[in-house]
Amino acid sequence: MRRVLAFFSSLKLSVVLLMLLGLLTWLGTLEQAEHGLYAVQKKYFESFVLVHHVGPVPIPLPGANLVMWLLFVNIIVGGMVRLRRSWSRVGIFVTHVGIALLLVAGFTKMYFSQEGHVTLFEGQKRSHFESHHRWELAIARDKGGGKIQEYLVPAEDIVEGATLRADDIPFDLHITRRFENCRPHAGQEGVGLRAAPLDPQNERNAAGLFVTLIDKSRGMRREKMLWGRGLAPLTVRAGGENWALDLRRERYPLGFTLALDKFTKEDHPGTSRPSWFSSDVRMLDGAGARPVRISMNKPLRDHGLVVYQASWGPQNAGPGARLFSSLAVVRNPSDQWPLIACIVIALGLILHFSRGLVRYIRTAAPLLLLAVAAQADWPDDTIELAEELPIQDGGRVKPLATYARFTLLRLSGKRGPNATAFLLDAIFFPEKAAKRGVFLVQDAEVLEQLGLNLDGKKKRDRYSYDELTPALPRLFQLAHEYSGIEEKERSTVQRQTVILASNVLHFKRVAGGELPLALIAPESGDTWLTPGEAGGEWIGRFEELAEARNDPTVFNSKLTAMHSDLIARAKARDQYGKIRLELFYYRSGLLHWSLGLFVLAFLCVAVLWLKPKGKWLHRGAFGLAVGGTLMLVAVITLRCLIRGRPPVSTLYETVLFVTAIGAGVALFLEAVNRRRLALSAAAVLGMIGLFLASGYESLDKQDTMPSLVAVLDTNFWLATHVTAITIGYAAGLLAALLASFYLVANAVRRTRPEFRRSVTRMVWGVTCFALLFSIVGTILGGIWANESWGRFWGWDPKENGALLICLAQIALIHARRGGLIRDHGVCMAAAFSGTVIAFSWWGVNLLGVGLHSYGFTSGIHGVLWTYYGIQWSLVGLGVYSWWRDRSAKFISPSPPPPSSPTNENRAERFSNSPDAQAAEPAEA
């Protein structure tokens, strides 16, 4: 019995189970790109055993369901057997209680929950909801008086070859064939069913059946067809009665009747992107009618059910069309348990890690802008007036300077202070703008397929509109053909052709006098107007500007008058307040100043490593890094004020936030131990992070402060879940960077053992810090998902990525506690964890599936794999140095034993040895 308890309470078992769960999560995430979430969830996450294929080779694996049950047993038995009863372990105990509660909540939902949806047009009622995935066969007869008797066959019994019998039904039903997905087709013998490939999104699959009805009294056989998306049930007559057969989504009773009175949808102004939608419903039951509004992130909870605003349709409906509301419905006994578990886990981690942090402090503390020259000589005051004009674009009000900046970036791949001058050229001097080389073509092969052969140009070069004009018909023809290909399936040349055609069309609209600029704030309504939409006076005023284009004085006076009127209209609607703040944000160039300071700090650190005693170099590098971090914090603060949002709401903002947090934590570590390594990490993180932010903006070529999709339009969850998980990213990447320094230093043998132990302590401390925010942020994300679309966890790729981070960090900590790894192993594991974080942060977006694919992905693939290669190479270097040191240890002769040591001397020598110090678990 003791051996059984020792096995199930073992930390080694914990590590193995965590690694297995991580492997299954990773494999299941990758499989979703091909097979979809539902099939993968059944195979990898809800099974006890499975077979994974690597090419033709089958590999049996335990399913995640079995692994999680073993983890649950490990936590419970370990808490009883292994955990020491002392105040120093209270935090660990509380954390594991919270994790056990979280697993119980997951098991309860897996085995006892019901999920589905109810779709209603205005005026419709429903007293049931339908499953997303499960099918049932309903056999019903009309008993008269409005009463229907219904026999239900669950999905498990609808098996090919089975015969369904019931005493009250005058016929037997033999299932000849079952289709998981099929479509009707017309053949020589009439309409039939044809098998179709399974859609990765299981909700789109439509089941079908070929059945044989066998009359019990006469033995007569009739062949029938049932299709899951049929418009009406199949009607047959048997036993003197009419019977209806219906293959449909499995239905569950609501316990009340839900009536939709009104569906409301609001779009971001000037776009077709919903910013908010809601359903005004009435709950009808024995107590009467109760009106309720269900909106995004604000569900209805009643009768043990939670009803969420999930979606709407038809998606292609025009203005005034009748819309339906789709409500997700979940019956989950453990609905609020994850929230309780999150609070318990956070409390336990804070209790435990805060003690270690206090102890650690006590013991350790003794760019060049690329510009395009304007052809027209616009005066500075004219440029300034134009930049300050308010414009509604992408669902928000912004200065014209921002629109011009990203228009130039989109066309030419360049950004610069004279982007507004370029836009004015395109509007008022289109013949000159057409001669400017602003259209970036990444590969000359794009032009070769158009029949253009322009001598003197590079393979990657910029071309003018006039140079492209002869090939425009061919360009638009090819772009139309390539647009029919799914984006991820297009070749590089096809993708660049579509982009070039889009850019040329955009330029033609601006230079052709269409002015697609919503400059005019309306007297009522949310959508601003272009001059063409406003008509009358405003068209005349722009025509007057065009006529005065060659007279700077007259042009400037007319622009000044228009400037005053447009700003007054925006101020009357209270929509001009943040224009000047955004102008200051871009004009100040704080991001470029911050990058410059981090680069200088990096150079100072590089010299400092060559001259270790350079006291002023250390202070200078520290001051530069602090200055760069403070400027970056100022940038993030300005963006929060401009958008009225928490610091992280887009992928671009995660780069800024991760950089700021990582650099800030590294500078804190440097202030505590002054080892120069954390200072080096701050400079490297700051420099790389801001280079990445600049590269992201150049690749995306879109406004980095866009309007948000409806589910993200919530400041509470952006401020809690997204901020917490991003802090976890930052700390985890900092730990990976520090660990990478350790692996390189250990490989070249240029540092002392004390220094390496100090680095390991930093890696350990930062990993614990990262784990706190990773776990809390991941669980808060599940709670947000529970509030938004009705399930705490759905094994979505982004959710799996967050789980992989937690599993990697928890496995590292348990392996260290269990003595499986020491300093060197901790750093190797932390360096590898950096690739797990990169996969969660960016890699899952490359899969193109899941509910959380909000972010930009194009162009990041090469950068991501470069980072993977670097980190895996460093881990390989760590393996080599471990093997080298281990081999040397066995080959070199052992020192002679000391003469007659006493037990006291032995204990003293061991307690002072490096091995003994390394054996002590470092905490911070």
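Biologist: Which element gives the largest share of the lining of the largest cavity?
Modeller: Quick caveat: this is a predicted model, where local features need pLDDT of at least 70, side-chain atom pairs count only at pLDDT 80 or more, and totals for chains, interfaces and linings use all residues. Residues are numbered from 1 along each chain as its sequence is written, and side-chain values use heavy atoms, with hydrogens and water left out. The largest share, three residues, comes from α9.

Biologist: What is the volume of the largest cavity?
Modeller: Grid points are joined across faces, edges and corners, and the volume is the space filled by probe spheres set on those points. For the largest cavity that comes to about 100 Å³.

Biologist: Which residues lining the largest cavity are the closest to its centre?
Modeller: The lining has 12 nonpolar, no polar and no charged residues (Ala, Val, Leu, Ile, Met, Phe, Trp, Tyr, Cys and Pro count as nonpolar, Asp, Glu, Lys and Arg as charged, and the others, Gly among them, as polar). Of those 12 residues, the closest to the centre are Leu389, Leu400, Leu424, Phe428 and Phe542.

Biologist: What share of the residues of the chain count as buried?
Modeller: Buried means under 20% relative accessible area, exposed over 50% and partly exposed in between, with a 1.4 Å probe and protein chains only. Of the 924 residues, the buried share is 50%.

Biologist: Which residues touch the most other members of the largest nonpolar core?
Modeller: A nonpolar core is a set of buried Ala, Val, Leu, Ile, Met, Phe, Trp, Tyr and Cys residues joined through side-chain atoms within 4.5 Å. Of the 133 residues in the largest one, two touch the most other members: Leu656 and Leu738. Apart from it lies another core of 57 residues, with Phe428, Leu475, Val493 and Phe507 among them. Back to your question, the names are Leu656 and Leu738.

Biologist: Which residues of its lining are the closest to the centre of the second largest pocket?
Modeller: Its lining divides into 31 nonpolar, seven polar and five charged residues. The largest share, nine residues, comes from α23 (715–748), though α19, α21 and α22 are among the helices that each supply at least two. Out of the 43 lining residues, those closest to the centre are Val684, Ile688, Leu737, Ser740 and Phe741.

Biologist: Is Asn746 buried or exposed?
Modeller: Asn746 lies in helix α23. Leaving aside neighbours within four places in sequence, Asn746 is in contact (heavy atoms within 4.5 Å) with Arg756, His824, Ser881, Arg884 and Asp885. The C-alpha atoms of Asn746 and Asp885 are 139 residues apart along the chain but separated by 9.9 Å. With 7% relative accessibility, Asn746 counts as buried.

Biologist: And what relative accessible area does Ala289 have?
Modeller: Ala289 is in strand β15 (residues 288–295). Not counting residues up to four places away in sequence, Ala289 touches Met283 and Leu284. Ala289 counts as exposed because its relative accessible area is 51%.

Biologist: What phi does Asp574 have?
Modeller: Asp574 lies in the loop between α17 (552–572) and α18 (579–588) and counts as exposed, at 68% relative accessibility. Asp574 is not a glycine either, but its phi is positive, at about 60 degrees.

Biologist: What is omega for the cis peptide bond at Pro314?
Modeller: Pro314 lies in the loop between β17 (305–313) and β18 (324–331). The cis bond joins Gly313 and Pro314, and omega is about -5 degrees.

Notes: 1 Å grid on protein atoms, 1.4 Å probe; cavity = no way out; pocket = protein on both sides within 12 Å on 5 of 7 lines; lining within 4 Å. Helix = DSSP H or I, 4+ residues; strand = E, 2+ residues; numbered from the N terminus.
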